[in-house]
Amino acid sequence: MTTASPANKQSLYTGESTVGKRISRTRCEDDESYCLTEEQSVKKQKQDCQLEGQKTITKFKQIIDIGQPLLELFCLHEAFRREMERLQFRMSQVTVATSDQELDKLRNRLSFCKDLLLEHCCSEDRIILPAICRKLSEEETMEQKYLFETDLVHRHHEQLEKWFSETLQLIEQVLDTPFSLEHRPLAGEETQQQNETRHIESSPALSPRKGKVTLASEFESPREPLLKELKTSFGSLKERVEGHLVEEENYLSPLFHDILTTAEQGALLASVIMDTNPKALSALLPCAVRAVDSEKRVRFLVALERYLTPQQFEYVAAPLVQELSGENWEELCTNVPNLRVAAERAINPLVEITHLHKAIRKELQTMASYSAELDPCDDRQIRSLYSRIMFLQRVHNFHSIGEDEVLVSELRAVLKMHGLDEISNEHCDESFLFGNILEHMKRILSYDKDDKQRRYEAMSKLSSAVREIANHLIAHMEEEEERLLPLVRSHFSLRDQDTLIRSVMAKIPMEFLPEVFPWLLNALDTEEREKLFCNILRSSSKEYFQKVSAFLGEAARKGKLDPLVWDELCRRIPELQQSQSEEAEQDNGPVDEVLRIHKAIRCELQKLHSVVTNLAVDEAPNPNSISALAERFFFLRNMVNDHSKAEDDIVLPALEKRLPGISKRYEGEHCEERELFSNVLQVLQALQCAGDEEECQKLVKQLRSLVRALHEELNEHLDKEEQNLWPKLIENFTREEQVAIVGDIFGTMPSERLQEMLPFLIRTLTESEQSNMLRHILQVTRSTMFERWLSTWFPLTSCKYSDGESGEDKSSSRSQQADHEHKYDSSDIGESSTPPEGGNSHQDIREYQNTYDAVRVQSRADLENAIRVIASDETLTDKQKTQLVQNLMLRPYLQSKGQNVFVNNDRASVSPNETGDEKYVESYSGELQPTFRELEDGSKLLGCSHYLRGAKIRTVCCSKFYTCRLCHDEVEDHKVGDNRYATREMLCMHCGHIQPISQWCCKCSKRMARYFCPICKLFDDDPSRNIYHCHSCNVCRVGKGLGIDSFHCMKCNACMSMKYAKSHRCIEHSMESDCPICYQYLFTSTTPVKYLQCGHLMHVSCYNHYVKKNYICPICQKSMQDMSSYFTRLDELLARDHSKQLYRGIVSHIQCNDCQQQSEVNFHFVFHKCRKCGSYNTRVLRVSRQGNT
């Protein structure tokens, strides 16, 4: 290691050294040789400096000649333009799915940009514009020419804050608006207007009914209109700001040239720079330097160097050296050597050591308080403290080695002194103290839990040992900062200090850094984090910085580092984000979503841990805050329980088949987590009811200990899974098998839990993670109605989350989807399951004009398919079908004549809704009267033969009130069908009030039914019947719920009983077919369905009738159930049959329908038994005599 070369200290103009000579660290045996080496070295370096200075002056002769210094101030304009472009890109990515976290970051960034621009404009108003006005007043001939332009610039400065405030207020409005979509049923004239405004869902990924007329969804995003207004406002803001910057440059440049001398401009430049707020200047200068090219960058800094005093230039150099990378910094110092001289006095290369000391100090204080509060009889709390002590011991050991082998060793060589040995001795003493603490903890764990006396005595000794090492280490680090580090600063140059620090930090193994840096950042504040990484960026190699950036990015993705901390750090140091973008994220498929759940759990747990840690012990907590805290813990517990259940029931059994014995490693861990959550919730409940202050203090301390133990236990468990469990799942299962496993997890997740979890996850994830998560979810559920269910309440954009299929795959899937949609159109629909939205029979002419326009006829086959779709639509009248087909056939002719393709022949077919202030006129007798179901005991309850309920629904198709959809279908010549989703109004049968559909009456406040589904518009008040809404069927089913007594098979797209979870045979879209007996569509049928052994389905009633005559599946010809007993009886029957002697020598060539094997058996006129499986479910291929082929 050598001292900083004087060549780097030469002025660009004089070539003279600007700093005193430093002590050379060349190791010599005597003073004479030491001085000789020093003199020779300085002489040689001075000669090199003169040569280098001459070359530099020649190279930058044009750059140095700065005739108008104030023009260099426009480099700051480039920084503002670059920032507005970045903000515009981020604003273009904002959708209704953007989380509050992302919007908050955007708001902070825009506010930061506003503050910088206003600070710059204020400096211009205070210094430049008044100076120009004074010069203009001195030269009256020029005053009229330029006075208007200066006033215009000043007026723009005054309007800037107003422009920014408008956009910031809109962001505030968006944040104050609920994140999720709200159900907004409309009534009266609004309903009529909504019914007249129809649209075609153009995306086949979103609409399972291609070309079908649908109502606009009643689930509207409250944020969507605000976001449109926000983007428009920001676009206007960007245009105004950029226009102002251009006008300012065009107006002021001639002024600078005409009325200000070079010296005056230089003085004004210095005044503007020094008048700027220090915080704004530290952020603005690095941005300006990055925004311009190399030549402008050098011109700008040379101008500053020329017109600022040395002290002022040192003030400017500090933010540059702290913000720029080592490569950019070296380039600037080569061209502006005085920059390095100024920076040496302004920066602190040893900041990494002082910040590491702060993190160690904070950890020691936490452990000291923890050891005084934990329960010595709880092994989990002891183990959590043990893990923290082990971690801190590793950090201390590596840090001590770095100080002893690098700092102390180099100081000894320079100072020739041995007084630093005591520092190394103290490091040895501290290692002994750490070992003593670990021995105390092992001793506590060795005692029986029931032996409380010995445990409490050992715990007292442990607390004393922790306090002792905390006091010793804190005092030792203070001594190092007061004695050791000043010696390093005074005897080593800036470059040498950088080298020393890099050597010290290199003692920490690279594999340990992913744990150290997140822990270190969590202990620092925002400014300290920025200074730490600015120093690493400046002094370390590019490879080291990229590795550290990758570690931190991975920690943020896993939730080990607060995403907000990481985002703020990337905002302040863009090179961190640039390093991340160089490494493409590896997509492991749907399994990645499990890791994102880990991230959400970690982030929420860390927040709860911080809240509990900050609870005051000396005063009673607020009951409301404790109640809110208990709710958050309850939600997190449910989330962890769902995650653990999925692992225990689905993931581990699947891995056990491939890797026997792996599930034993995780036995009991989930039970311990559940027990810890239970203990935490019990303490919170007791804390809510506690009235005594002493009891509150005791409970708060107990709560802290439990939450710390939960924090350590759960994080350790998640780390263990990520290192051992999920990589094995990726290695041993194909992508398709992983999709099936994640599909099984979703198939047992209730809709209510998903509606809670998905918004929570969205708030935790970044925008790219949100996109990947939704893409994987839609990939797992692609064969189901999950996307349709999701779009009813979640802001979903299908094009954004498409899974990137090839064109051929997409066309194939769309073709299958069209077939599926055709089935929906022609089916009878029951109340217990609901198809997608559909059209009405009485429509505005524009509705089926959209249907007509949506049909793309490219061939005769397309024309035939389009006619079939129209003909099968039962929601259209015969007249409307005829008109659509007629216009479809006439399209080529009408288009060739340039006429309107759609001709309206029936404008009187639409009857508007008559609600609101006008009195409703009954369409049939008793329409507005309540209906009842008569029970066996003679009593009556509100409802109908299908459902018990207190409301009638107003069907969209004919605008009439019926008790339920099935009652409507029984008396009308058309069916409600898909329009049940569009139902918006109901009639309360208690008070007769017509109102938007809801579970509660807005007039009499009575509940319409015990169960209400806002998606299916289903009411049911029967206490003996359990109903749940399946997210993947997007209909209501009978049962207790997914994961309880039912599950949804993603391949079959059907809800089944849990008893069929492992035994049923999957047939893709098996539920989306007709019953082979009665030909009723099974997916939307209200009749119970029977799952056959072969995997096909039919109604239970049809099965009971069919099985009396046959046991063979009418679809695949396999046996519908286990027929072994029946085949045994046939064996006994044939054994007594003597007619087989008549067919001796005749052979039947048969094929078994059950095992699909062919064989030769003796001929029988009825029964032929398969030689392979023993089944009599066979068919004869041919008959021949024995010996003949």
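Tutor: What follows goes through the salt bridges, pair by pair.

This is a predicted model, in which local features need pLDDT of at least 70 and side-chain atom pairs count only at pLDDT 80 or more, while totals for chains, interfaces and linings use all residues. Residues are numbered from 1 along each chain as its sequence is written, and side-chain values use heavy atoms, with hydrogens and water left out.

Side chains of opposite charge can pair when their charged atoms come close. Here a salt bridge means a side-chain nitrogen of Lys or Arg within 4 Å of a carboxyl oxygen of Asp or Glu. By this rule the count is 41 salt bridges.

Begin with a pair inside one helix (helices are DSSP runs of H or I, at least four residues; strands are runs of E, at least two; both are numbered from the N terminus). Arginine 107 pairs with aspartate 104, and their closest N and O atoms are 1.9 Å apart. Both belong to helix α4 (residues 100-138), and because they are three residues apart there, about one helical turn separates them. Aspartate 104 is partly exposed, at 23% relative accessible area. On this scale buried means under 20%, exposed over 50%, and partly exposed in between, using a 1.4 Å probe and protein chains only.

Another salt bridge joins glutamate 722 and arginine 602, at 2.8 Å from N to O. This pair links distant parts of the chain: glutamate 722 is in helix α27 and arginine 602 is in helix α24 (residues 592-613), 120 residues apart. Glutamate 722 and arginine 602 are both buried. They also belong to a network of salt bridges, whose other members are Glu554, Arg557, Lys558, Lys560 and Asp719.

Aspartate 1131 and lysine 1169 form a further salt bridge, with 3.2 Å between the closest N and O atoms. Distant parts of the chain are linked here too: aspartate 1131 lies in helix α38, and lysine 1169 lies in the loop between β20 (1158-1162) and β21 (1178-1185), 38 residues apart. Aspartate 1131 is partly exposed at 28% relative accessibility, and lysine 1169 is partly exposed at 34%.

To sum up, the pair of arginine 107 and aspartate 104 lies in helix α4, whereas glutamate 722 and arginine 602 are in helices α27 and α24, and aspartate 1131 and lysine 1169 join a helix to a loop.
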